[in-house]
Amino acid sequence: MAMEVARRLLTHEVGEGQDPEDLAKAAESACQKLYRQLAKLIGSAGFQALLLRAVSLAKAEFLFLKRVESEPEAGTCLKGLLESVQGRDPGVVKDSLIAMFANFISLLVTFIGEDLALRLVRKTWPEVPFDDMGSGSEEAKK
Amino acid sequence: MSERQRVSIRQLPTGVPGLDQVIGGGLPEYSFNLIAGGPGTGKTTLVQQILFANASPEHPGLYFTVLGKPPLKMLRYQQQFGFFDLDKVDSAIRFVNLSQEVLDENLSKVLESIVREVEGVNPGIVVVDSFRTVVRGTSKATEIDQLGLQSFLQRLALYLTSWQATTFLVGEYLESEMRDNPVFTVADGILWLFQSSERNSTVRKLRVMKMRGQAPVLGLHTFRITQNGIEVFPRTFKQIEEKERRRPSGRLSTGVAALDKMMGGGIPAGDSVLVAGPSGSGKTMLAAQFIAEGVRRGEPGVIAVFEERPQEYLEWAEKLGFNLKEMTHLGNLKVLYLHPLDLSPNEAFLEIWEATRQLGAKRVVIDSLSGFEMTLAPTFLEDLRESLYRMIEALTDIGITVLMTVERVEVYNELRFSPYLISFLVDDIILQRYIELEGRLRKIMTVVKMRNSPHSKDLRIYEITSRGLVVGEVVKGYCNLPPGLTSLGEIITQLAYPGLIDPEVRVLRALIELREAPAETLAQRMGLQIPDLVRALDRLLALSYATQEERERQIIYRPVAKIPGQ
């Protein structure tokens with residue numbers, strides 16, 4: 001479930017663009033939107049803690065993300081992402097960003113439950129259809 | 001001022017079972033309240049339960065979280081409670097994190113943030129959790145003084161009240177802070193939560209320190225936190241309305257015809273009865289017979305058991321020929337198993353009360369008081385007698401007949417605490433015991449006391465049979481007690497005059513015969529030395545068995561108690 005949510009929201013943000021820079025900008029935009037929606041509820045520190053963990057998990061799988069840092073309060077959610085993805089295979093970059101957002105959503109589900117987590121995601125992207133997805137509870141537990 | 005001119009304050013239901021009764025009917029609308037207590041006492045759970053019960057899309061709730069209570073964790077844990085309705089989150093209830101404002105700014109900036117959110121959401125309920133952290137966090141930067149805090153609080157209270165919000169500040173405070181901290185002065189209502197520990201047991205308690213415009217029930221009330229949230233057990237039990245009070249006429253059959261006869265035709269309806277006896281003497285059987293007989297006569301019953309689970313109890317009864325199982329299925333009987341950890345008398349009573357109301361019960365059995373005593377948290381043992389008194393009174397006040405059993409240990413003159421304490425509280429006492437008769441150990445039964453009726457003073461042999469208790473012949477002649485047992489007369493005395501020893505009972509009996517007398521007259525009549533007599537009289541006065549008055553420079557003593565059975 002988390003993977004599919006992440007894929008849809010990134011696809012929505014990136015629009016027509018498909019090169020690594022477009023994907024990085026879309027990821028930054030998505031992250032900013034999530035921050036604005038979630039920081040009020042779980043606090044800036046809470047958001048940053050989850051993002052830090054999500055990025056860290058993604059780094060283990062996609063080594064080229066190792067220089068990415070999360071600093072939402074400083075105005076940039078994913079510092080160093082643009083530089084990290086330049087010249088990479090767009091398909092791999094897309095996979096890495098989907099994995100990162102999926103990690104974030106999985107963590108959110110783990111802590112506040114799938115119901116509340118999906119509500120917040122839907123509220124952030126009301127124009128993106130998420131209603132057709134299964135519960136994803138099992139995946140969230142992984 | 002006439003009634004028409006008075007402002008009417010609407011009361012909001014708290015959504016916390018038992019709490020509305022404690023705070024005087026509900027929460028005054030637009031009031032500014034403080035929920036205080038130590039860590040882990042249940043402050044956040046309480047305030048969220050109130051919030052979820054009252055927030056709606058028309059009157060949303062605004063919940064400000066601050067440093068020290070990470071919202072991520074709070075949302076995670078609080079979701080486990082039944083009252084946490086996910087549909088209300090971010091619709092009827094908005095959680096807003098103020099940590100950054102507290103870290104960066106001063107109290108005025110915090111107030112500005114609160115005002116901004118309140119004006120945007122237009123809430124009916126506002127919570128700041130924890131307010132203590134707001135003050136601590138901002139005071140580091142701005143060195144606010146008490147006057148500054150008071151001014152902030154007054155502005156906050158005034159603003160939120162004028163914005164028609166009912167407000168709750170949550171905070172960890174010590175009772176010793178009450179005098180100097182302005183938050184206690186500004187608050188309209190203060191609820192204080194405690195955890196009281198004794199030996200291995202911990203009990204949660206709540207106190208209403210203040211509730212402007214209302215008459216709360218003072219004192220400490222126990223509460224429990226379960227998956228459904230908080231439930232409060234008011235210390236006054238249920239307030240019985242005058243119209244509900246009734247003293248029914250007639251007698252209730254015990255289900256044992258010969259015992260009914262011994263009791264002058266049965267138990268007077270609305271009486272409290274104590275059945276005391278050693279282990280295996282048939283107390284539980286008599287209690288089951290009493291309930292079964294009631295159901296047979298169309299009088300539903302409630303049995304509270306403490307030592308056995310209802311299923312085991314019902315199976316045991318079935319083996320003895322009492323089909324209590326069917327009675328429960330037909331809705332004529334409810335068997336309550338009261339055995340949670342650290343039970344409070346109020347909690348037990350509430351369960352019994354709810355069951356009697358649900359069934360329209362006329363008979364209640366508590367089997368046994370010994371089990372009840374063992375289930376209670378140690379902190380309640382000291383007040384057990386008072387709690388039992390209020391419980392018995394509340395039930396009998398609405399015409400319910402209550403039968404309780406209690407175990408008497410009969411070896412080496414060991415006298416258990418409870419029977420003698422509570423015998424003073426009940427109307428009627430039936431005593432069971434073993435005696436050695438013609439080389440056999442037999443069971444005998446006697447009616448020791450009936451407050452509202454004459455009764456037989458016979459000692460009668462009885463047997464436990466497959467048809468229940470069967471009472472036989474009167475014991476006449478020689479009774480030989482097994483070694484170490486207290487004499488029957490002594491037991492009757494102890495039950496009838498709890499707290500007195502034999503010499504004191506003799507003085508009381510002499511006083512009853514004389515109706516009134518000075519110490520000298522009593523000493524002469526009884527052949528006692530004055531110091532011995534005065535010691536006994538002091539004891540009678542202390543336990544309210546006698547009164548004294550000065551007449552013509554002489555102290556005259558008068559008895560208060562009656563001879564047992566009279």
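How many bridges join β24(B) and strand β25 of chain B, and in which sense do the two pair? The legends below take up that question and then move on to other parts of this predicted model.

**Figure 1. A three-stranded sheet in chain B.** To start with the answer, β24(B) and β25(B), the latter covering residues 554–559, are joined by six bridges in the antiparallel sense. One place to look is Gln548(B), whose bridge partner in β25(B) is Tyr557(B). The whole sheet is open and antiparallel, with its three strands in the order β23-β25-β24. Because β23 (517–518) and β24 (546–551) of chain B each have a single partner strand, they stand at the edges, and one side of each is left without a neighbour in the sheet.

**Figure 2. Helix α19 of chain B on the sheet.** Here the view takes in residues 502–514 of chain B, which make up helix α19. The helix lies across β23, β24 and β25 of chain B, and its direction makes an angle of about 95° with β25(B).

**Figure 3. Chain A on its own.** You can trace six helices and two strands in chain A. Starting at the N terminus, the order of these elements is α-α-β-β-α-α-α-α. The radius of gyration of chain A is 14 Å, close to the 14 Å given by the globule rule for 142 residues, so chain A is as compact as a globular protein of that length. Its C-alpha trace spans about 40 × 30 × 25 Å along the principal axes. Of the 142 residues in chain A, 42% are buried. Among contacts in chain A between residues at least 6 apart in sequence, 67% join residues at least 24 apart.

**Figure 4. Where chain B touches chain A.** The contact is made by 15 residues from chain A and 14 residues from chain B. On the chain B side, α3 (71–78), β5 (93–97) and α4 (99–104) each supply at least two residues. The largest share, four residues, comes from α3(B). By type, the chain B side holds eight nonpolar, four polar and two charged residues. For the model, the scores are ipTM 0.74 and pTM 0.72.

**Figure 5. Stretches of chain B to read with care.** Chain B has a mean pLDDT of 84, with 86% of its residues at 70 or more. Over residues 411–418 of chain B, however, pLDDT stays under 50, and the model has 13 contacts beyond four places in sequence for them. Residues 561–566 of chain B also have pLDDT below 50, with twelve contacts beyond near neighbours in sequence. Where pLDDT is low, the predicted coordinates should not be read in detail.

Technical notes. Residues are numbered from 1 along each chain as its sequence is written. Chains are lettered from A and ligands numbered from 1 in the order in which they are written. This is a predicted model: local features need pLDDT of at least 70, side-chain atom pairs count only at pLDDT 80 or more; totals for chains, interfaces and linings use all residues. Two strands pair if DSSP finds at least two bridges between them. Two residues are in contact if their C-beta atoms, placed from the backbone, lie within 7 Å. Axes are lines fitted to C-alpha atoms, for helices over the stretch in contact, and angles run from 0 to 180 degrees between N-to-C directions. The radius of gyration is taken over C-alpha atoms; the globule rule is 2.2 Å times the number of residues to the power 0.38. A residue is buried if 20 or more other C-beta atoms lie within 10 Å of its own, exposed if 12 or fewer, and partly exposed in between; C-beta atoms are placed from the backbone. pLDDT is the predictor's confidence in each residue, from 0 to 100. Ala, Val, Leu, Ile, Met, Phe, Trp, Tyr, Cys and Pro count as nonpolar, Asp, Glu, Lys and Arg as charged, and the others, Gly among them, as polar.
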